[in-house]
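Biologist: Here's the model I'd like to go through with you. Let's take it a question at a time.

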Amino acid sequence: SISTSNDLTSAFYSLTNMKYNLCSVLSSSEAFQLSGGASFLPVFRSSMFLDTYKLRHGRRSAQQKQVEQSLKKRFDDAEASTSAGSTIADGWIDIYNFSRIRRTARRCTRVLADAEGSTNGSSSNEDESLQETVEESKKLLALQKELLTQVAERKKLITTLSQDLGNPKQQLKTLRESDINRSSLLQVGSEETKNGQGQNHQQGGDSSSSSLTSVRSGSPSKRSLGTVWPSPGTESGSSPPLPEKTASPPVVHSPVQTVSSIPVEASTLAPTVLPDVVSSPDHPINPWNNTAGAIEQNSKEPQKQVEQQDTRPKEVDSEHSNKAPPLAGPNVMNIIVVAAECAPWSKTGGLGDVAGALPKALARRGHRVMVVAPRYGIYKEAWETGIRKVYNVSGQDMEVGYFHVYVDEVDFVFIDSPLFHSWSNQIYGGSREDVLTRMVLLCKAAVEVPWHVPCGGVCYGDGNLVFVANDWHTALLPVYLQAYYHDNGLMPFARSILVIHNIAHQGRGPLADFNRLGLPDHYISKFQLYDPIGGEHMNVFMAGLLTAHRIVAVSHGYARECQTQEGGWGLDWVIRENSWKLRGVVNGIDDIEWNPELDAFLNNEGYTNYSLESFEVGKANCKAALQKELGLPIRADVPLLGFIGRLDYQKGVDIIAQAMPWMMDKDLQLVMLGSGRSDLENMLHSFEHQYQDKVRGWVGFSVKTAHRITAGVDILLMPSRFEPCGLNQLYAMRYGTVPVVHAVGGLRDTVHPFDPFTEQGLGWTFDKAEVSGLIHALGNAIWTFRDFKDSWRGIQKRGMSQNLSWDHAAQQYEEVLLAAKYQW
Ligand SMILES: Nc1ncnc2c1ncn2[C@@H]1O[C@H](COP(=O)(O)OP(=O)(O)O[C@H]2O[C@H](CO)[C@@H](O)[C@H](O)[C@H]2O)[C@@H](O)[C@H]1O
């Protein structure tokens, strides 16, 4: 019996050996993985590993271990080898061996059976089984032959394709240009304006600003099941879908009323029922959310778009075909980011940038991610889902619709209401009550999105779900989640995170405003705050901070500062008391949007794209083009300074104003782009007037100009009094522009001061937001620019070489989401 078991073991090993070889044949052909064979490979792999696992966990002799190691080595060698030739030959030998091994195995089985007194097995049976083995071996040989033919064909195909594809960077650039052209069709509302004509720019959006990197409008998201619509919530393995009654909060405090035109069952569960919505240019209907007919009718266009996009996503696609596990591993979650603005559709500042970019980075890690934002204008690529809901806000019933587009693996859902349309040029415009009403509507609609809006045919549901709310505008979301759902035993696993981008704006109002929120009376304590500045008042941010499961501040420095009296704006004690759930995560930058190599605003009118290798020439071109565009003397030797940002107390524009006489005494040029407080806007005008040959003050909101200034200037000024993170200094460094900043918040975290002795550092900093500090730092920067060219180039290079992408931040966000998930 010992010999029998040895035979079996060796048979096992030989089988494993053969699988190794088959795997090697398959994996050595990257081409094969592009074919349907990709799904075949893991089967082999997993069965092989299963065998190895069994053997590892059984008793192993030294000889067995040796065999195992040699097998492993052969496998590794085969993997490393670019030629599949030798492995294929081994495979053939093993196929031959296979029949021998099977025979041995069967003989062993019979010996065992005999030993147990079994009567099984006669000579005729033996012949039959041998015959069977031979047949099976033949089949296997045929299969392998076919695979080899496929491998050869695919290899040929790959060679042809790679010849056709040419330079991938060029492809990316071309694609981006076409993206920009397409996104310029969006036109949310206003045009870019100069010198203050037109909109109130502080709140204005600039739809032509950015690109949609890979719009797959109307196409199902990655978990799409085509036109089959399972019940909401089932996909994520979450709680069973709530019927309309249970999905709505309890009667007394319900923000939801019965659906007006389309019952939820009809719109979300039965795709064959046409929603009562007529398609119009303003209201394109998502073909995926309608009847089969509608799908057919519209299928051409999305298909075309996918084809157009095909060049860039290819890298991603090939990654998918390799079946790489998600970076998030087993921690993959459903994430819903809710924000009042989201670039490129709506943006007044950094929040829009973050809401547009962070979700994509989270999606790249494998999470299923949705962004919910108001629909301020007509976003051409977003389809109307046909879902309509009614929410009660300040005693009034308000109907909302939901629009959807899937871009870069993120579901963007826009809440549609006349309330938002009227403020397309001033997102935060109107009276305090107006803004509050809009934000209440946004949060009430957003908290129910996972139940009502089927993205790619499948609702998110509440399983494994985290909401990420941003700033006071959406700080009500954690409160609604708690009051309407958790308190009633609903959505028990859904979690919420509140991100502090700027604690200075808190949604303060008279306590009576609490009645507008539609919350149970006892919740008033979460909103009620007394402080020497505001007196007794209602504070929306405070309620969000108290209710959210976790809090994120947008830099480590800011996480500390907002706990101090100076930095907390009256909420420092709340944050201190909740510091156990606070974490600082420094923002990243969108490496496609803000990349001097790909920047579509830098490929005409004298501007040129540039990389780390070509930045000296590229930046010189951009500087000359900017000087020309602004009507300044075109001089390479003069330091050109820039400022971009909201014109308000935070950004310290007045500190630049105080330094103006000193600066104008020097041979330098200055361009300032911003909008906001009218006195500061006027100040910009008057500077331009006063110093015609040196200063330009561009009042307005222009993303194109922001990009060009970032590329064209030598030095970016950021004398912010406080800066939670700051994105402009990150963009500047990425473009080889040297930042001079007040060392505060995120600026301190990200701009390491230049040390001339060690030739390290990224820019200049000053400790106090005072004119003397700015002058001192700026003086050193200008001196280095003029007299220490090598040091200057070193600073530029170090800035450009940093990895500032969102990927690192996304990983840290993931840790926060996970902490929230397991928090009770
Ligand atoms: N006139 C103009 N024309 C065109 N573009 C303009 C512009 N004025 C500003 N911008 C753009 O708006 C963005 C502003 O970014 P900031 O980081 O300064 O954000 P902001 O202070 O609004 O937001 C808050 O949130 C962000 C994100 O978390 C934090 O980085 C920041 O510290 C915090 O104050 C940049 O993309 C900038 O180019």
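Biologist: Among contacts in the protein chain with a separation of 6 or more, what share comes from residues 24 or more positions apart?

Modeller: One caveat first: this is a predicted model, so local features need pLDDT of at least 70 and side-chain atom pairs pLDDT 80 or more, while totals for chains, interfaces and linings use all residues. Residues are numbered from 1 along each chain as its sequence is written, and side-chain values use heavy atoms, leaving out hydrogens and water. Contact means heavy atoms within 4.5 Å. On that basis, the share from residues 24 or more positions apart is 75%.

Biologist: How do α14 and α15 lie, oblique or roughly parallel?

Modeller: Axes are lines fitted to C-alpha atoms, for helices over the stretch in contact, and angles run from 0 to 180 degrees between N-to-C directions. Under 35 degrees is roughly parallel, over 145 roughly antiparallel, 65 to 115 roughly perpendicular, and the rest oblique. For α14 and α15 (residues 476–485) the angle is about 55°, with the axes 9 Å apart. That's why the pair counts as oblique.

Biologist: How many nonpolar residues does the contact of α12 with α29 have?

Modeller: Helix α12 (residues 350–364) packs on helix α29 (residues 806–821) at about 75°, so the two are roughly perpendicular. On the α12 side sit Val354, Ala357, Leu358, Ala361, Leu362 and Arg364, meeting Trp806, Asp807, Ala810, Tyr813 and Leu817 of α29. By class (Ala, Val, Leu, Ile, Met, Phe, Trp, Tyr, Cys and Pro nonpolar; Asp, Glu, Lys and Arg charged; the others, Gly among them, polar), there are two charged residues, no polar ones, and the nonpolar count is nine.

Biologist: How many charged residues are in the contact of α21 with α24?

Modeller: Helix α21 (residues 615–630) and helix α24 (residues 703–712) pack at about 125°, axes 8 Å apart. Lys619, Cys622, Lys623, Leu626 and Glu629 in α21 meet Arg708, Ile709, Thr710, Ala711 and Gly712 in α24. The contact has four nonpolar residues and two polar, and its charged count is four.

Biologist: What is the relative accessible area of Leu778?

Modeller: Leu778 belongs to helix α27 (residues 771–787). Leaving aside neighbours within four places in sequence, Leu778 is in contact with Leu641, Trp662, Met663, Ile715, Leu717 and Val740. Leu778 is buried, and its relative accessible area is 1%.

Biologist: How far apart are the C-alpha atoms of Trp383 and His404?

Modeller: Trp383 lies in strand β4 (residues 383–393) and is buried, at 9% relative accessible area. His404 is 21 residues from Trp383 along the chain, and their C-alpha atoms are separated by 5.1 Å.

Notes: Helix = DSSP H or I, 4+ residues; strand = E, 2+ residues; numbered from the N terminus. Buried < 20%, exposed > 50% of the residue type's maximum accessible area, 1.4 Å probe, protein only.
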